Amino acid sequence: ELGTATVLPGLIDAHVHPGWYINRDGALHSPRDSDTPVQSALSRAGNLYATVMAGFTTVQSVGGPEDIDLRDAVDRWQIPGPRILTSITQVSDRRLTPDSLRSVVRFLKGQGADVIKLFASAGLGAGGAQTLSDQQLAAICGEAKAQGLRSVVHAISAASVRAATLAGCTEIEHGTFATDAELKLMADHGTIFDPQVCLVFQNYIDHRDVYTRSGFTEQAFDALAKAIPTATEMFRRAIATPGLKVIFGTDAVALAHGHNADELLCRVRAGQSPMDA
């Protein structure tokens with residue numbers, strides 16, 4: 001009997017960015033600011049501590065080059081944190097040929113990547129249109145599979161979700177503007193879907209001052225606010241799609257680490273049962 005406490009298994013967040021943190025100037029850290037490597041390392045270790053103390057014992061970081069050292073430090077019990085699976089970086093260069101992109105996948109595996117992260121579309125603020133061609137997507141996801149790695153795809157628009165699914169990619173992230181047709185297509189292909197409902201959008205809005213200093217525009221905040229009802233409605237349709245594998249990922253960035261479970265609450269408010277969430 002634990003009174004008001006409840007025991008859960010270790011939770012898994014399939015989309016985090018532990019390398020993102022707020023620097024000493026109160027803005028998003030960038031390579032151009034004055035933070036030292038030690039300050040950066042301590043801030044990132046703090047993000048991992050907040051995450052594991054929130055009950056998340058495994059995360060998929062998609063990704064940053066610092067992830068390798070963070071992953072290894074956790075594995076060696078040098079810092080407390082969740083197990084980390086990392087893509088190290090994101091593949092998004094539209095200028096590369098399919099063969100060159102296959103080489104990039106092999107290089108990342110050699111560097112120790114656990115998964116391949118790629119961008120099939122622009123970001124939400126830019127409308128999310130497809131960026132990589134069908135041939136480029138097939139090359140990246142096909143080579144990842146040949147190398148025994150999963151492929152995780154940033155895809156906002158319906159067209160980019162469809163293209164990534166047909167390219168044989170393992171997992172679709174976001175899918176904000178996916179229609180019922182794309183949801184069914186993912187289910188038919190066994191594609192894993194990781195939608196976000198609220199946390200990543202609300203985190204930017206709640207910390208408007210910080211992210212304004214970091215270069216976010218009013219138009220960006222407007223797009224984020226408008227995305228919440230769109231993403232919520234899409235999520236309701238996703239969980240109602242027979243056979244669709246919907247997993248849990250928050251896209252936690254700076255100031256969201258440790259609040260990962262807020263996304264679970266939004267899923268319940270969107271209509272998912274507490275036990276399913």
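User: Which residues line the second largest pocket?
Analyst: Leu8, Leu11, Ile12, Phe56, Phe248, Ala261, Leu264, Pro274, Met275, Asp276 and Ala277. A pocket is an open set of points on a 1 Å grid over the protein atoms alone, where a 1.4 Å probe fits, with protein on both sides within 12 Å along at least five of seven lines; lining residues have an atom within 4 Å of a point. This is a predicted model, with residues numbered from 1 along each chain. Local features need pLDDT of at least 70, side-chain atom pairs count only at pLDDT 80 or more, totals for chains, interfaces and linings use all residues, and side-chain values use heavy atoms, without hydrogens or water.

User: How does that lining divide by class?
Analyst: Ten residues are nonpolar, none is polar and one is charged. Asp counts as charged, and Asp276 is in the lining.

User: How much space is in there?
Analyst: The second largest pocket holds about 240 Å³. That volume is the space filled by probe spheres set on the grid points.

User: And what is the volume of the largest pocket?
Analyst: The largest pocket comes to about 900 Å³. It has 41 lining residues, and Trp20, Phe119, His154, Tyr204 and Asp251 are the closest to its centre. The elements giving two or more residues to the lining are β5 (115-119), α7 (199-206) and α9 (218-239). Helices (H or I, at least four residues) and strands (E, at least two) are DSSP runs, numbered from the N terminus.

User: What classes are in that lining?
Analyst: For the largest pocket, 20 are nonpolar, 16 polar and five charged.

User: Back to Leu11. What stands opposite it?
Analyst: Phe56, in β2. Strands β1 (residues 11-16) and β2 pair in the parallel sense over four bridges. Two strands pair if DSSP finds at least two bridges between them. β2 covers residues 56-61, and five of its six residues are buried. Buried means under 20% relative accessible area, exposed over 50%, partly exposed in between (1.4 Å probe, protein chains only).

User: What about the six-strand sheet: what order do the strands take?
Analyst: The order is β4-β5-β6-β7-β8-β9, in an open sheet with parallel pairing. β4 (90-91) and β9 (245-246) are the edges, each pairing on one side only. Further in, β7 (residues 171-174) and β8 (residues 192-194) share three bridges. There, Ile172 has Phe193 as its bridge partner.

User: Which residues touch the most other members of the largest nonpolar core?
Analyst: Ile172 and Phe193 again, along with Ile116, Leu118, Ile140 and Val153, out of 32 residues. Such a core is a set of buried Ala, Val, Leu, Ile, Met, Phe, Trp, Tyr and Cys residues joined through side-chain atoms within 4.5 Å. Helix α4 gives the most, with four residues.

User: What does Ile140 touch?
Analyst: Leaving out residues up to four places away in sequence, Ile140 touches Val91, Leu101, Val105, Ile116, Leu118 and Leu132. Contact means heavy atoms within 4.5 Å.

User: New topic. Which peptide bond is cis?
Analyst: One joins Val62 and Gly63, with omega about -10 degrees. Gly63 sits in the loop between β2 and α2 (67-75).

User: What is phi at Ile88?
Analyst: Near 70 degrees, a positive value in a residue other than glycine. Most residues other than glycine have a negative phi. Ile88 lies in the loop between β3 (83-86) and β4. His174, in strand β7, has a positive phi too, about 80 degrees.

User: Is His174 buried or exposed?
Analyst: His174 is buried, at 9% relative accessibility. Ile88 is buried as well, with a relative accessible area of 9%.

User: Last one. Why does Arg269 count as exposed?
Analyst: Because its relative accessibility is 64%. Arg269 is in helix α10 (residues 262-269).
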